[in-house]
Amino acid sequence: MKFYSTNKQSEAVSFREAVIKSLPTDKGLYFPEEVPELDYLFLETLDYYSLPEIGMEVLRQFTKEDIPEQKLNEILHEALDFEIPVKEVEKNIHTLELFHGPTYAFKDVGARFLARCLGYFNETENKEVTILVATSGDTGGAVASGFHNVPGVNVVILYPSGKVSDLQEKQLTTLGGNITALEVEGDFDACQAMVKQAFLDADINSKLNLSSANSINIARWLPQSIYFFEAYKQLKDAKKLVVAVPSGNYGNITAGMLAKKMGLDIHRFIAASNANDTVPRYLKDGNYEVKPTVPTLSNAMDVSDPSNHPRMLELHEQNFKDIIKHTQGFTINDQQTLDVMKSCYASNQYILDPHGAIGYQALKEKLEKKETGVFLETAHYSKFLSTVEQALDQKMDLPDFVSDLMTKEKVATKIGNSYDEFKAFLLG
Ligand SMILES: *Cc1c(COP(=O)(O)O)cnc(C)c1O
């Protein structure tokens with residue numbers, strides 16, 4: 001299988017190359033030349049497949065020229081070594097809990113799969129790969145944990161000093177081993193600028209084999225479709241499945257659309273967003289108009305020009321009418337989000353995080369008779385504890401995993417925001 005760029009100005013490449021390069025030179029996104037339809041028998045007997053086994057069926061068509069089956073199997077068993085349960089929140093509304101991985105958010109799935117693919121592709125090289133990541137908080141943790149102890153790969157994470165939460169900082173700075181954290185005297189943009197410059201720096205590239213773990217890397221995107229099959233499997237008696245996806249960069253929902261295109265019987269999707277509602281507005285009239293990003297309580301979705309929008313178009317042969325046939329938008333603001341968290345807890349004793357809350361409310365308002373709803377709970381609520389406490393108007397106990405992490409010792413190297421200092425560090 002080859003992967004082409006959605007901008008169509010770069011040549012099509014193998015899975016291996018698409019993973020290593022991350023972004024095509026024409027700044028599009030990689031997209032598979034074919035979307036294989038899965039065997040009817042597989043879809044009818046999902047029950048008999050474990051999560052990694054589903055992963056095998058879904059992914060092998062995309063990777064078969066580049067990863068032997070045995071290896072893919074090993075990668076999937078390592079990457080998906082936690083459960084992704086569906087739970088009933090109330091009648092007809094279910095949650096797909098994507099937060100049982102090591103950093104308590106769905107990004108673990110893609111980050112762990114990508115890390116192992118890169119590790120495998122690098123086995124035949126005699127040079128270690130260095131992954132550079134700039135993070136404003138969450139992504140860095142998933143990437144760091146995903147790559148931890150993967151042989152042949154070193155990770156250097158740059159984060160803005162004092163601008164990530166204590167929990168996030170601990171996730172970045174306590175792993176050790178092949179993970180190095182740089183605490184930068186500057187903001188996220190400064191971190192990102194340094195990483196970008198390093199990729200263009202000939203001195204660095206002649207010494208180090210650099211790679212990125214960009215969120216739109218094909219190896220982070222494709223495995224996200226696996227859990228839509230898992231949700232369907234666990235809801236096997238449900239009729240007309242409607243999936244509400246709290247969305248920011250639109251990786252998750254487009255992975256769901258990919259699953260549907262491969263044959264999974266999802267009735268329709270709801271793209272649930274916060275005040276950054278470019279896509280819900282687009283779904284109304286076909287007009288894609290980007291406004292400035294506004295900060296919200298569901299900050300992992302504070303994106304106003306979602307990178308994955310071209311993949312949404314590609315999945316529907318650029319046909320807007322086709323997209324809206326089975327996709328609807330939904331938006332609420334911060335106050336409504338807090339109200340929803342409170343009312344869901346009061347009536348169901350289920351604690352929503354501020355992202356999942358928007359998906360839940362989308363189903364409350366948009367689910368029709370004879371439909372069954374499932375929303376993606378994209379992170380564990382404890383990652384957003386102060387918002388949860390505000391919404392529920394009570395102090396929450398820290399879950400054990402958080403208090404354990406908080407007792408670990410932070411190890412980070414402080415650097416200023418000058419590129420030369422960063423470069424000296426990398427070359428030193
Ligand atoms: C990244 C993230 C999202 C947004 O996911 P997209 O695939 O970018 O739309 C939603 N919720 C949480 C908790 C996230 O970390």
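Which polar backbone atom is 2.8 Å from an oxygen atom of the ligand? I looked it up in this predicted model. The atom belongs to Asn249.

**Entry 1: the ligand**

I went on to the other backbone contacts. Gly248 places a backbone N or O atom 2.7 Å from a ligand oxygen. For Asn252, I read 2.9 Å between a polar backbone atom and an oxygen atom of the ligand. The protein covers 95% of the 380 Å² of accessible area that the ligand has on its own.

Next I listed the surroundings. I found 14 residues around the ligand. Lys107, Gly248, Asn249, Tyr250 and Thr378 are the closest. I sorted the shell by type: six residues are nonpolar, seven are polar and one is charged.

**Entry 2: the sheet**

I then turned to the strands. Five of them form an open sheet, and I noted the order as S9-S6-S7-S8-S14. The pairing is parallel. From one strand to the next, the twist averages 30°.

How many bridges join S8 to S14? I counted three, with S8 spanning residues 179-184. One pair I checked by residue: Leu182 has Thr413 in S14 as its bridge partner.

**Entry 3: helices on the sheet**

Which strands does H6 touch? Helix H6 (residues 138-147) packs on the sheet and touches S6 (129-134), S7 (153-160) and S8. Its direction makes about 160° with that of S7.

Helix H8 (residues 188-199) lies across S6, S7, S8, S9 and S14. I noted that H8 runs at about 150° to S6.

Key. Residues numbered from 1 in each chain as written. Predicted model: local features only at pLDDT ≥ 70, side-chain atom pairs only at ≥ 80, totals over all residues. Heavy atoms only, no water. Near = heavy atom within 4 Å. Polar contact = N/O pair within 3.5 Å; in protein donor to acceptor, adjacent residues only side chain to side chain. Areas by Shrake-Rupley, 256 points an atom, 1.4 Å probe, with all protein chains shown as cover. Nonpolar A, V, L, I, M, F, W, Y, C, P; charged D, E, K, R; others polar. Pairing = 2+ DSSP bridges. Helix = DSSP H or I, 4+ residues; strand = E, 2+ residues; numbered from the N terminus. Axes fitted to C-alpha atoms, helices over the stretch in contact; angles between N-to-C directions. Contact = heavy atoms within 4.5 Å.
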